[in-house]
Amino acid sequence: MAERVFLTASSRPLPSQQHTSTAMALFSGAASARIIPSVSLSSSTRSFFSLSSSSSSLQCLRSSPRISHLFLNQRRAEVRFSSGGYGTVSAPKSFASDPDQLKSAREDIKELLRSKFCHPILIRLGWHDAGTYNKNIEEWPQRGGANGSLRFEIELKHGANAGLVNALKLLQPIKDKYSGVTYADLFQLAGATAVEEAGGPKLPMKYGRVDVSGPEQCPEEGRLPDAGPPSPADHLRQVFYRMGLNDKEIVVLSGAHTLGRSRPDRSGWGKPETKYTKDGPGAPGGQSWTVQWLKFDNSYFKDIKEKKDEDLLVLPTDAALFEDPSFKVYAEKYAEDQEAFFKDYAEAHAKLSNLGAKFDPPEGIVIDESPNAGAEKFVAAKYSTGKRELSEAMKQKIRAEYEAVGGSPDKPLQSNYFLNIMIIIAVLALLTSLLGN
């Protein structure tokens, strides 16, 4: 069966005593995969972005004390949803998620990342939940997207999602601890935190996503991309254009392949082991796209462009970034300019995480105390050559200062008529003096 995968990497389950590292493939195409039976997960999928996670053999999904209620207690999930989004005494009645609990959950996710090295699979989880979005469908939740539907068994059975049960097992204790946080928010919070903790850019995230209430609201299989289609560039456009993303966003999001590994026994891609993966961290093995596969930087674009290291993975969809003329413009740019990559990635990741979501409150929740902390300072010399574009944050800052003194996009700054009159008088006096002489 041909499967499609958007950030896919199957992974071994994590044992009850220890969770090992995950190296998922953020966009891995699935070529053949067995459907997950009721007793076990399939182990073979091909991914477009496969960040494979490492762990030991998986127990029956229904037997896991942490996961069983995700599949069996659908009625409980409906009750929580209908009460206002996993409501507890501390959760605001009008919000899908509690802002204070979101902040606390983020700190617990950071600790999880430090101990389990699971950055790739958490990113993959968030991307796969959001990546089912169809811009041509208006109704929620039929349109798919970031709505927490990936917690249900019917969607976990999709070939693209093989192994993501391990990400759920990692996050479920945090979900149990913070019942005032929706699954949809938790998935996106985990992915964003993983990017930032791996050295990536600060992402302009917002929260307040509403969860779907039952498995009948899950999207159909087949909305996620493959890694090895006959025409990789055309396939990527077909899938990502459906999400409302463009060529620039396709390329920059592919850069998240800087994290993770792919394992041939799970995804169908990569080597069993390389000199970069034989010692872990976590369970050893698999093939990574980059040398430092737990560091978020622009190495992916550099290594794909050079193709000199046989121990580094290059999928057909990776190679297409430097073969397709439109993709190549952006891939070349990001290989040369990490700052540009970080800027564009932050915007694209945040956009992806919002796809299809329904927010409560409608404007969303921002949990960063100082969103402008550490913002870039304007230095005129940097922009004097015209080769560097102002960031969106700097544009907004300049616009705010412009409007503060009376300007707006629709009208110029107000004139100081008194000053203008004085200047005119001075000019006339000077001219009169010159003519008199």
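Q: Buried means under 20% relative accessible area, and the model considered here is predicted. Are Tyr183 and Phe187 buried or exposed?
A: Tyr183 is buried, and Phe187 is buried as well. Both residues belong to helix 7, which spans residues 183-197. They stand four residues apart there, about one turn of the helix.

Q: How many aromatic pairs are counted when ring centres must lie within 6.5 Å?
A: The count comes to 11 aromatic pairs.

Q: What makes Tyr183 and Phe187 a pair, and why is the pair called stacked, edge-to-face or tilted?
A: Their ring centres are 6.0 Å apart, and the limit for a pair is 6.5 Å. Stacked planes are under 30 degrees apart and edge-to-face planes over 60. The planes of Tyr183 and Phe187 meet at 55 degrees, so the pair is tilted.

Q: Which residues do ring pairs link into a cluster?
A: The cluster consists of Trp127, Phe296, Tyr300, Phe301, Tyr334, Phe341, Phe342 and Tyr345.

Q: How do we know that Lys175 lies over the face of Tyr183?
A: A charge over a ring must be within 6 Å of the ring centre and within 35 degrees of the ring normal. Lys175 is placed over the face of Tyr183, at 4.9 Å from the ring centre. Another case is Arg237, whose charged end sits over the ring of Phe327, 4.2 Å from its centre.

Q: Which residues touch the most other members of the largest nonpolar core?
A: This core has 76 residues, and those touching the most other members are Ile109, Leu122, Leu171, Phe296, Phe301 and Tyr345. Helix 7 gives the most to this core, contributing eight residues.

Q: Why is this core said to lie between domain 1 and domain 2?
A: Domain 1 (99-217) and domain 2 (232-342) both give residues to the core, so the core lies between them. A second, separate core has six residues, among them Phe152, Val210, Val212 and Cys218.

Q: With which residues is Phe296 in contact, leaving aside its neighbours within four places in sequence?
A: The contacts of Phe296 include Val195, Ala198, Gly199, Gly200 and Pro201. Ala256, Thr258 and Leu259 are also among them, as are Phe341, Phe342 and Tyr345.

Q: Why is Lys305 called partly exposed?
A: Partly exposed is the class between buried, under 20%, and exposed, over 50%. Lys305 has a relative accessible area of 37%, so it is partly exposed. Its place is in helix 11, residues 299-306. Beyond neighbours within four places in sequence, Lys305 is in contact with Phe322, Glu332 and Glu336.

Conventions
Residues are numbered from 1 along each chain as its sequence is written. This is a predicted model: local features need pLDDT of at least 70, side-chain atom pairs count only at pLDDT 80 or more; totals for chains, interfaces and linings use all residues. Side-chain values use heavy atoms; hydrogens and water are left out. Helices (H or I, at least four residues) and strands (E, at least two) are DSSP runs, numbered from the N terminus. Buried means under 20% relative accessible area, exposed over 50%, partly exposed in between (1.4 Å probe, protein chains only). A nonpolar core is a set of buried Ala, Val, Leu, Ile, Met, Phe, Trp, Tyr and Cys residues joined through side-chain atoms within 4.5 Å. Domain bounds come from an automatic or database domain assignment. Contact means heavy atoms within 4.5 Å.
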